[in-house]
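Good morning, and thank you for the time. I would like to take the group through one structure, beginning with the interface and ending with the salt bridges.

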Protein chains: 2
Amino acid sequence: MSFTIQNALIPVESGYETADVQVVDNCISAIAPNLEPAGRVIDGKNKLLLPGFVNAHTHSSEMWQRGIIPPLPLELWIAELYDFTPLEPEQVYLSALGTAVETWLSGGTSVVDHLVLIPGQELETIAAAVRAYQEIGIRAFIGPLIQDESLTAGMPAGDSGIEHAAYIRSTKATLELMETAIKQFHNPEKGVNMLLAPTGIQLCSDALFEGCIELSDRYNLCRHAHLLETPAQKQLAHEKYGCSAVEHLQEIGYLSPRTSLAHCVWLDDSDIAIMAETGATVVHNPLSNLRLGSGIAPILKYRQAGVNVSFGCDGAASNDSQDLLEAIKIGSILHNITDLDYRQWITPRQSVEMASLGGAKGLNAADEMGSLTVGKKADFVLYDLTSLSLLPRTDPIGLLILGRPTNAVDSVWVNGKQIVAEGKVTTIDVDALRRKLFDRSEWTGKRQSQTVSEIEAHYRKVMNLQGYS
Amino acid sequence: MSFTIQNALIPVESGYETADVQVVDNCISAIAPNLEPAGRVIDGKNKLLLPGFVNAHTHSSEMWQRGIIPPLPLELWIAELYDFTPLEPEQVYLSALGTAVETWLSGGTSVVDHLVLIPGQELETIAAAVRAYQEIGIRAFIGPLIQDESLTAGMPAGDSGIEHAAYIRSTKATLELMETAIKQFHNPEKGVNMLLAPTGIQLCSDALFEGCIELSDRYNLCRHAHLLETPAQKQLAHEKYGCSAVEHLQEIGYLSPRTSLAHCVWLDDSDIAIMAETGATVVHNPLSNLRLGSGIAPILKYRQAGVNVSFGCDGAASNDSQDLLEAIKIGSILHNITDLDYRQWITPRQSVEMASLGGAKGLNAADEMGSLTVGKKADFVLYDLTSLSLLPRTDPIGLLILGRPTNAVDSVWVNGKQIVAEGKVTTIDVDALRRKLFDRSEWTGKRQSQTVSEIEAHYRKVMNLQGYS
């Protein structure tokens, strides 16, 4: 399958150039003005071509709860989330489709799905997401979300002497499940990559982390986890290990150039040095960090230390969208208030590189994707620069990253296959998806989470909020 | 002109109700289920009806420079802005249309345009904006941006002994110009309201503020200004007055229930108490405050002190959009990181009230607009709840405010006149507008601002950035 995009605007060091881009056998074969067309010809006039972005951290099935969870910090928010989590694999299938559509229509071509598993239907959950991603054609990195401790263990205990229920599945059984899933679903040629993805130090034993390290080494897979999202987690790490979470993860060998870590809000300077030394990637989820009151990740410090940074939407119940351009914009300008010296601020071109090449690096895939480079996979996006939201004409990348692009994605290709054309998804029936999402849900004002009411008093106590209650 | 919207979802205290809304003679005449239809019938099924929001602070002609100004703090950013400001009234007309369209398609029905005047063509500038707003049919509050000091006076002097050029127009001539503009353009019945809007303490003398107070009292008009947007302005106020800017504005009598003040980032607790006491309104422009590195306005403190707060997009060169829903979302969740106690965080319903009734209060128009209330003007918006971005169905207001609504505005009415139907603007030809914006602009990578290169060294020195240079 070959095609040639003619006369697209592409960014070059000195500004922009008009060029043709040729694709042969799923890869970029040439980029230059006035190429002899090969295969189908696509008009790129008045359009900007950029490498596809990576939605480097999300939880697709949270889409069922977007808009409904009230303003709460992570530790209470997650209790409500799990009280109402989807329990049918068909729901997982539909929300994976929805996540892919929104990711595409905001410039993404790859998604990292830290997938919440339905208890007792773990493999069915993964199968449902795999089916969705293969049908729709997004490049998927699926990390089944695993843990081996119960929810209340994720909060600092303080002096409460609180006892936690045993987790529903043993560490050993969980690792066996992961190996089964890897054998069954890992299929990079077909666009499905499995990740090892323990949820994080707050709910995982060392044995679980170590088992994941072993599997990732044996099967050559990337590692993922949440890391120090909240002040409570920082406190918990010190209770649990007597050192920082980053020091502990380094000690047990979890950090590596194949490891990406979501959030990274509460790292101090010595933790940042460890991140740089080990080559681990930070996945920045700015909207979720604001929504849950987690804080501002020290992204400018990461960049100064040479730590790779990419962007994620995080799950749609803590965002509450899957618009990657929104996450990139806010995740770029947010840091201008953390350093008075504007020479450190992230430029729109740097944002694009973080979202594309940064995302690829965090998945150990920078040889294959993340830039418009001859030899790399044809994962790219053509933006319509005549959209009202990108007018008047100024700097196209500035408009795209700092603006609020609306209906700006004209076409998307993943692995050389066109999956959005003239702003419409071509691989699935989006109207049918809308109808199914509509039919399986209902409008509601309030709902009550039983677990939140059980654990809120403890949370307020350990976080020194009792004075406010 | 009468019409009835049937079976729309409307928010009530306990959640949502399905009701009909009847409009007679530009005002809401009834809200109840199963009304006898009057006039044209509109199907509100699967749609949410909300009062129109107020884009409570913008500078419409900045649209010509969106996406192009690099990451810079206000004091340097504004130097670049003025180096390339539009100089033709026709440009002002086109960007006012663009501002109105983007405001509507993100839930707004009113706009406060702190309008940058073309030197020597001041009345022509205002006339161009008035023409645009009347043609397109948005409710407009136009505050011509005035000052009587030159740009460099807006930075702290430190010990530099810097001399400033005289401003191009005398204080007296500026006040005469304002009176002429009021007589010529103030026409509330036709949807055009004039405001007195000195740019702020950084570039205005007391004589200018006092002249504006006199005109606002004599013609019963609202007052507007920027206030303490940056740390540099805070420092400047102390250099200039030996007290805080808020104390000084109170002393000269500028603060009142008819005064709205954009930004309000650097107020301390005693300033906040003055704001509450005088009944002035804070217009929160979160995106601009991040983009320019200005800081986070203490919005939760304002709310706790009883200060009215509304939302603005600010000009499109410091945002770089006019999407009000984006400003509302970020301006709501941003503050979750400023107070650990989540019980203080802004809920989506509170955001809606700030954006609608809060906006109306700041314009002394809460009797006429800002809520779905019988007797108020029919300024409201119908959202399509079957948009993919608002599915699955959960809490409609939560989806709208916390999500990233795309193509969600179905219909908009201003003063009882429908100006958006099925997501399309009905009063102007938006494709023709796009072509004109396209034809009058060009894509560009970099440009050099002469003024920035002249003043940057001084800025870095007074802001103690020299160590970084």
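What follows is a description of the structure on display, with each rule stated where it is first used.

This is a predicted model, in which local features need pLDDT of at least 70 and side-chain atom pairs count only at pLDDT 80 or more, whereas totals for chains, interfaces and linings use all residues. Residues are numbered from 1 along each chain as its sequence is written, chains are lettered from A and ligands numbered from 1 in the order in which they are written, and side-chain values use heavy atoms, with hydrogens and water left out.

Let me start with the interface. Contact here means heavy atoms within 4.5 Å. On that rule, 80 residues of chain B are in contact with 80 residues of chain A. Between them the two chains bury about 7100 Å², with 64% of it on carbon and sulfur atoms. Buried area is the accessible area, taken with a 1.4 Å probe, that two parts lose on being put together, summed over both. Which three residues supply more of the area that chain B buries against chain A than any other three? They are Tyr342(B), Arg393(B) and Trp443(B), and their share is 13%.

For polar contacts, the rule asks for a pair of N or O atoms within 3.5 Å; within protein, one must be able to donate a hydrogen and the other to accept it, and residues adjacent in sequence count only if both atoms are side-chain atoms. The interface of chain B and chain A has 33 residue pairs in polar contact, both residues being at pLDDT 80 or more. On the side of chain B that touches chain A, several helices each supply at least two residues, among them α2 (89-104), α11 (324-333) and α15 (450-462). Helices (H or I, at least four residues) and strands (E, at least two) are DSSP runs, numbered from the N terminus. The helix that gives the most to this side is α14(B), with five residues. By residue type, this side of chain B divides into 41 nonpolar, 23 polar and 16 charged. Here Ala, Val, Leu, Ile, Met, Phe, Trp, Tyr, Cys and Pro count as nonpolar, Asp, Glu, Lys and Arg as charged, and the others, Gly among them, as polar.

I turn now to salt bridges. A salt bridge is a side-chain nitrogen of Lys or Arg within 4 Å of a carboxyl oxygen of Asp or Glu. The count over all chains is 44, and between chain B and chain A it is six. One of these joins Arg343(B) to Glu456(A), at 3.1 Å from N to O. Another is formed by Glu326(B) and Lys329(A), whose closest N and O atoms are 3.1 Å apart. Glu326(B) lies in helix α11 of chain B and Lys329(A) in helix α11 of chain A, so the pair joins two chains.

Are these two residues buried or exposed? Buried means under 20% relative accessible area, exposed over 50%, and partly exposed in between (1.4 Å probe, protein chains only). Glu326(B) is buried, at 1%, and Lys329(A) is buried, also at 1%.

Asp341(A) and Arg460(B) also meet in a salt bridge, at 2.9 Å from N to O. This pair crosses between chains, from the loop between α11 and α12 (348-362) of chain A to helix α15 of chain B. Asp341(A) is buried at 0% relative accessibility, and Arg460(B) is buried at 3%.

Within chain B, Glu149(B) and Lys240(B) form a salt bridge at 3.2 Å, N to O. They are 91 residues apart, with Glu149(B) in the loop between β8 and α4 and Lys240(B) in helix α6 (residues 231-241). Lys240(B) is partly exposed, at 32%.

Finally, some points of backbone geometry. The peptide bond from Asn319(A) to Asp320(A) is cis, with omega near 0 degrees, and Asp320(A) lies in the loop between β14 (308-311) and α11 of chain A. In chain B, the bond from Leu391(B) to Pro392(B) is cis, with omega near -10 degrees. Cys264(A), although not a glycine, has a positive phi of about 50 degrees; Cys264(A) is buried, with a relative accessible area of 0%. Asn415(A), likewise not a glycine, has a positive phi of about 55 degrees, and Asn415(A) is partly exposed at 21%.
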